[in-house]
Structures are given as C-alpha cells and as structure tokens.
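Keep the viewer open while you read.

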Amino acid sequence: QVQLVESGGGLVQAGGSLRLSCAASTSGFRINTMGWYRQAPGKQREWVAIITGGGTTGYTDSVKGRFTISRDVAKKMLYLQMNSLKPEDTGVYYCHAYESSAWGQGTQVTVSS
C-alpha cells in the first residue's frame, strides 16, 4: 500500500514560483517511477512530469524549461519546482506512483495574471 500527500500549492502571480512536495508512505511497497499530473477546471487531468528510479526525467512541452521534477529517495519525497508560472498552469496538481497506481489528494495551484 502506498499513500501520497501533496503540499506546497497556493496563489501566486504570473512569473512567480512555487515548489510542490509529495510525501510517500509505503507498507513494504517499493516506489520507483513517479510523476506529477494536473487538472484545470473543466478539463481532463494531464501529465506534467515524470522521474524514473534511475533519475531520468521527462516533461510535457508546455512546462519544459520552467518546471523541474526531483526526488529524495531516502526521505521518500517527490518535488516539483515551478518557475515562471503562467495563468494556464492553474489547476490541482497530483502526485502519482506508477507501479502502485497510487494518487495523492492534490494541491491547488492558482496563478493570477
């Protein structure tokens, strides 16, 4: 069993930065590939970024060069550093653990213009 808890969301002006965190707790389940997704109002959830157990990262085109995904394996933490935020980045951001199909409850990010 894997449980994920996101934090770090909030209200920020366009051009600002936020750092999202995701704390993972496991019951003997190894967490390997993890990612961030987001869901804007009235839209489907979309993939944002991924990081593998080996540290390989990937990003959706709209956030490349602005967002950075990272992890601290020892602390079982996942992060998303978001810079140069735009109003279109607004949404609920979710942490996801692929192998266990676990999702967090989400954290709201609102970017004002």
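1. Start with S21: its bridge partner in β8 is Y79. That pair belongs to the antiparallel pairing of β3 (residues 18–26) with β8, which runs over six bridges. Strands here are DSSP runs of E at least two residues long (helices are runs of H or I of at least four), numbered from the N terminus. Two strands count as paired if DSSP finds at least two bridges between them.

2. A word on the ground rules. This is a predicted model, in which local features need pLDDT of at least 70 and side-chain atom pairs count only at pLDDT 80 or more, while totals for chains, interfaces and linings use all residues. Residues are numbered from 1 along each chain as its sequence is written, and side-chain values use heavy atoms, with hydrogens and water left out.

3. Now step back to the sheet. It is open, has four strands in the order β1-β3-β8-β7, and is paired in the antiparallel sense. β1 (2–7) and β7 (67–72) are the edge strands with a single partner each, so one side of each has no neighbour in the sheet. On average, neighbouring strands are turned by 15 degrees against each other, direction ignored; the axes are lines fitted to C-alpha atoms (for helices, over the stretch in contact), and angles between N-to-C directions run from 0 to 180 degrees.

4. On its other pairing, β8 (residues 77–82) meets β7, again antiparallel and over six bridges. Two pairs to click on: F67 is bridged to M82, and R71 to L78. How buried is β8? Five of its six residues are buried, so the strand is largely enclosed by the rest of the structure. Buried means under 20% relative accessible area, exposed means over 50%, and partly exposed is in between (1.4 Å probe, protein chains only).

5. β7 and β8 make a hairpin with four residues between them, and K76 sits in the turn. Its phi is positive, about 55 degrees, although K76 is not a glycine. For background, most residues other than glycine have a negative phi. K76 counts as partly exposed because its relative accessibility is 40%.

6. S84 is another one to look at, in the loop between β8 and β9 (91–97). This residue also has a positive phi without being a glycine, near 50 degrees. With a relative accessible area of 40%, S84 is partly exposed.

7. Which residues lie nearest the centre of the largest pocket? They are I31, N32, R71, V73 and K76, out of 15 lining residues. The volume is about 230 Å³. β3, β7 and β8 each supply at least two lining residues, and β3 gives the largest share, three residues. Grid points are joined across faces, edges and corners, and the volume is the space filled by probe spheres set on them.

8. Back in the β8–β9 loop, have a look at T90. T90 is buried, with a relative accessible area of 18%. Its side chain reaches the backbone nitrogen of V111 at 2.9 Å. That is a polar contact: N or O atoms within 3.5 Å, one able to donate a hydrogen and the other to accept it within protein, with sequence-adjacent residues counted only if both atoms are side-chain atoms. Beyond its neighbours within four places in sequence, T90 is in contact (heavy atoms within 4.5 Å) with A40, Q108, V109, T110 and V111.

9. H96 is in β9 and is buried, at 7% relative accessible area. A polar atom of the H96 side chain lies 2.9 Å from the backbone oxygen of A102. Residues touched by H96, not counting those up to four places away in sequence, include L4, M34, Y37 and W103.

10. Last, Y98, in the loop between β9 and β10 (102–103). Y98 is partly exposed, at 26% relative accessible area. Y98 and M34 are 64 residues apart in sequence, yet 5.8 Å apart in space, C-alpha to C-alpha. M34 is also among the contacts of Y98, as are W47 and I50, leaving aside neighbours within four places in sequence.

How values were computed. On a 1 Å grid over the protein atoms alone, a cavity is a set of points where a 1.4 Å probe fits but cannot get out, and a pocket is an open set with protein on both sides within 12 Å along at least five of seven lines; lining residues have an atom within 4 Å of a point.
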